[in-house]
Amino acid sequence: MAKKKIEDMTKDERVQSEVRRLKRALRDLDPNKLEVVKPLIERAAFTSVLLKDLEEVVNEKGVTSEYQYGENQWGTKQSDEVKTLIALQKNYSAMIKTLADIAPAAKPKKSRLEELANE
């Protein structure tokens, strides 16, 4: 079955794809720990998809928005989308750091020559 392009996927499909990616990264984790961090994996996947969508909005609209203060006073401010993006990035970074900290160290791969020597 051919993979769907990200552009053709629904939000839920993109979240599930990210969940699978994160679980693959943690596949060597103890099953009990994996069960405990499952909600964190799901939140991180959702946040990742949300960040990508929000980045597209910011790219389209820009980082500032105009506002009116009083009858003849106008100004610009950081857009609400940018404020949300910054907050989500901080939360996402904390989630990924937590997952990375509990991930088991990568097992060093033996070369084919070492495998043959051990036989």
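The model is predicted, local features need pLDDT of at least 70, side-chain atom pairs count only at pLDDT 80 or more, and totals for chains, interfaces and linings use all residues. Residues are numbered from 1 along each chain as its sequence is written, and side-chain values use heavy atoms, with hydrogens and water left out.

**Exercise 1.** Determine which pattern the chain follows and how its radius of gyration stands against the globule rule.

*Solution.* Step 1: helices (H or I, at least four residues) and strands (E, at least two) are DSSP runs numbered from the N terminus. Step 2: the chain has four helices and two strands, in the order α-α-β-β-α-α. Step 3: its radius of gyration is 21 Å, well over the 14 Å that the globule rule gives for 119 residues, so the chain is more spread out than a compact globule. Here the radius is taken over C-alpha atoms, and the rule is 2.2 Å times the number of residues to the power 0.38.

**Exercise 2.** Classify Val58 and Arg27 as buried or exposed.

*Solution.* Step 1: buried means under 20% relative accessible area, exposed over 50%, and partly exposed in between (1.4 Å probe, protein chains only). Step 2: Val58, in helix α2, has 9% relative accessibility and therefore counts as buried. Step 3: Arg27, in the loop between α1 (11–25) and α2 (31–61), has 60% relative accessibility and therefore counts as exposed. Step 4: for the chain, buried residues make up 22% of the 119 residues.

**Exercise 3.** State how far apart Val58 and Val82 are in sequence and in space.

*Solution.* Val58 and Val82 are 24 residues apart in sequence, and their C-alpha atoms are 6.7 Å apart in space.
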